[in-house]
Amino acid sequence: MGRRQEPTARQVRLGLELRKMREAAGLKATEAARLLGVSSVQMSQIESAISGVSEARVRRLAGHYSCADEQLVSALVAMATDRTRGWWDEYRGDLPTQFLDLSELEHHARYRWDVEFLHVPGLLQTEDYARALFSFVNPEFPESEVERWVEHRMRRRVIIERSRPTPYKAVIHEGALRIRVGDRRAAQLQLARVLELSEADHVTVRVIPFDLDGFRGAGSAMVYAGGAVPELDTVVRDGPNGPVYFDAEAQLHRYRTLFRRVEAMSLDPERSREFIRRLAKEL
C-alpha cells in the first residue's frame with residue numbers, strides 16, 4: 001500500500017490500536033516486524049498510519065499478539081479495509097483536517113453523546129446560529145468562506161436525519177440555551193429547532209437549569225462517539241486550535257462516568273422540553 005501524506009484520525013487510531021495490541025503482548029516493534037515479514041521501517045509506518053495495512057496482516061498480527069477478542073479484531077479489519085470517500089472529502093483543502101476527521105468519526109459512530117455549556121450542540125444548530133458563531137470567531141473570513149463552514153456544519157446533521165439515524169443524546173446547560181449568538185428571532189428559531197429534534201425517537205435532549213443545587217460538572221463538556229466496540233470509543237473536546245481527541249482506556253472510562261453523572265443530574269426529556277418552551281416564550 002502507498003504512503004499517506006496526511007493520515008486521517010481514523011487511520012491514526014487503527015495504527016495506535018495495533019501498537020497497543022503489540023505492547024500488550026510484550027513485543028517490540030522489531031520483533032513484530034520479523035513475525036509479519038516486513039522491515040522495521042514498514043512496521044513503524046503501519047503503526048503511525050503512514051502506510052495502510054491489509055485485512056490479512058491485521059489478522060496475522062492479532063494472531064501473533066494472542067488477541068482472542070474477535071469483535072475487536074473484526075472492528076480493526078473494518079477500519080483497515082474501509083475505502084469510504086465521504087461527503088466531508090469535498091471540504092478537504094477548505095476546512096482544517098480535524099473538522100473533517102470529526103465528520104468521519106460521526107459517520108462511523110454507533111451512538112453519539114454531547115454535553116454543552118456555552119453553545120447549542122453543533123448537530124442541533126440552525127444555519128443562522130452557526131453563521132453567527134463562525135462570523136464572530138473568524139471575523140477576517142470573507143462571507144463565502146463563512147458559508148462554507150456553515151454548509152459543512154449543516155451537512156454533519158445527516159447522522160441524525162438519515163433513514164437509519166445514529167442514536168443521539170445531548171445534555172445542554174441553560175446558559176447555552178439563553179445566550180443569543182444572533183438576534184431574538186434567530187434565538188427563537190434555534191429553540192424551536194432543538195424542540196423539534198427532541199421529539200425524534202432516536203434523539204434525547206436534557207437540560208441542566210441554572211437553579212440546580214450542587215452541580216459541579218461545568219468542566220465536563222464533551223462529544224462522546226461510540227465505536228464498533230467499547231475499546232474504539234472516542235472523546236472529543238474543544239482545544240485552542242480545534243478538536244482534541246482522547247481514546248486511552250482510562251480517559252474513556254472517565255468521560256463515560258462524567259456523562260452519566262451529568263445526565264443523571266439533568267431534567268428528564270419531557271421536563272426539558274417544557275423548560276425550553278418556557279425559555280422560548282420569554283424571548
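Helices (H or I, at least four residues) and strands (E, at least two) are DSSP runs, numbered from the N terminus. The model is predicted, so local features need pLDDT of at least 70 and side-chain atom pairs count only at pLDDT 80 or more, while totals for chains, interfaces and linings use all residues. Residues are numbered from 1 along each chain as its sequence is written, and side-chain values use heavy atoms, with hydrogens and water left out.

Figure 1. Of the 283 residues, 47% are buried (under 20% relative accessible area, with a 1.4 Å probe and protein chains only).

**Figure 2. Helix 6 covers residues 97-108.** At 1.5 Å a residue, counted for one less than its number of residues, the 12 residues should span 16 Å, and the end C-alpha atoms are 17 Å apart, which agrees. Because 9 of the 12 residues are buried, helix 6 is largely enclosed by the rest of the structure. Among the buried residues are Phe99, Leu100, Asp101 and Glu104.

**Figure 3. Helix 4 covers residues 55-64, and its buried residues are Val58, Leu61 and Ala62.** Seen down the helix axis, these fall within an arc of 100°, so they line one face of helix 4; the arc is that of the directions from the axis to the C-beta atoms. An α-helix has 3.6 residues a turn, so residues three or four places apart point the same way. The buried residues of helix 4 pack against helix 1 (9-24), helix 2 (29-36), helix 3 (40-47) and helix 5 (70-81), where contact means heavy atoms within 4.5 Å.

**Figure 4. Ser66 follows helix 4.** The phi of Ser66 is positive, near 55°.

Methods. Buried means under 20% relative accessible area, exposed over 50%, partly exposed in between (1.4 Å probe, protein chains only).
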